[in-house]
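Hi there,

Here is the structure I promised to pass on. Have a look at it first, and my notes on its salt bridges follow below.

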Amino acid sequence: MKQWGFKPEQMDADVVGRIPVVLNYDSRYFQDRYQAVPREGYTQMITNMLSNKRIKVMLGTNFMDIAHLQEGKVYIMGQEFRGSVYYTGKVDELAGFVFGLLPYRSFKLQFERINVEYFQDVAQVNYPNQYDFTRITEFKHIQPSESKDTVILKEYPLEHVHGENDPFYPVFNKESRGRYEKYAEFLQQYKQIILVGRLAEYKYYDMDDVVARALDVVEQAMQG
Ligand SMILES: Cc1cc2nc3c(=O)[nH]c(=O)nc-3n(C[C@H](O)[C@H](O)[C@H](O)COP(=O)(O)OP(=O)(O)OC[C@H]3O[C@@H](n4cnc5c(N)ncnc54)[C@H](O)[C@@H]3O)c2cc1C
């Protein structure tokens, strides 16, 4: 209830189905046999992937401020763009909200640096009942460091308000699924746009799912 802001009986079966029921002493949340993170973290991995002089990165730029869609064509910086567009933002925003807002869940992310070597015994502790935050993550357990301090993250769930906070998770219900279908159908006229990721495909992807999806998309692109 704290995470999603509504009662269990109002939740979509897909959301409830993602909550693992575990009958063992394995303290890990995910049950996958092989579990890992990139050696130097995701930020470094993405930095390495983008460090090619043929790739131009524009940070702090909303795609919708430089692009617009019109009658089956995509315009970027005022010019028609004929290449492929891999879009990872909100699908309703891309389509100019023609069918209304899609609900997404947001979070206030509060990082705290604490002057102790370790704050908790494991990477993540969930707080389903107490406090306003849902969990505390301590990154030192994931990315070891020799610092005498530690950094923790508290996540406070919030309703997503367009333009005010970041969207994180799609909020599934009958109405939002129906609305997404309308957006997906509407965007089919823009053949060059490929929707990728949880905001664009309105799907609940974990990291491994979204990496697999990205690799599939690349493979399809290479096959032409
Ligand atoms: C708090 C939290 C904890 C999580 N913990 C885990 C975990 O422990 N394990 C796990 O497997 N997964 C976890 N996830 C899920 C994981 O983060 C997602 O699966 C993954 O980030 C999805 O990747 P994505 O590319 O779909 O979306 P994102 O990572 O959200 O990427 C979308 C990108 O598009 C950019 N973008 C959006 N709109 C625009 C625009 N208009 N203009 C320009 N750029 C735009 C955004 O800035 C962002 O960089 C967690 C997610 C959250 C929110």
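Let me start with Glu155, which is buried at a relative accessible area of 7% (buried means under 20%, exposed over 50% and partly exposed in between, with a 1.4 Å probe and protein chains only). Before going further: this is a predicted model, so local features need pLDDT of at least 70 and side-chain atom pairs count only at pLDDT 80 or more, while totals for chains, interfaces and linings use all residues. Residues are numbered from 1 along each chain as its sequence is written, and side-chain values use heavy atoms, with hydrogens and water left out.

Glu155 pairs with Arg135 in a salt bridge, with 2.9 Å between the closest N and O atoms (the term stands for a side-chain nitrogen of Lys or Arg within 4 Å of a carboxyl oxygen of Asp or Glu). Arg135 sits in strand β7 (residues 135–138) and Glu155 in strand β8 (residues 150–159), so the bridge ties together parts 20 residues apart in sequence. Helices (H or I, at least four residues) and strands (E, at least two) are DSSP runs, numbered from the N terminus. Arg135 itself is partly exposed, at 25%.

By the salt-bridge rule, the count comes to six. Among them is Glu201 with Arg213, whose closest N and O atoms are 2.9 Å apart. Glu201 is buried, at 12% relative accessibility.

Glu80 and Arg82 form another, at 3.5 Å between the closest N and O atoms. Here Glu80 is partly exposed at 32%, whereas Arg82 is exposed at 69%.

Best wishes
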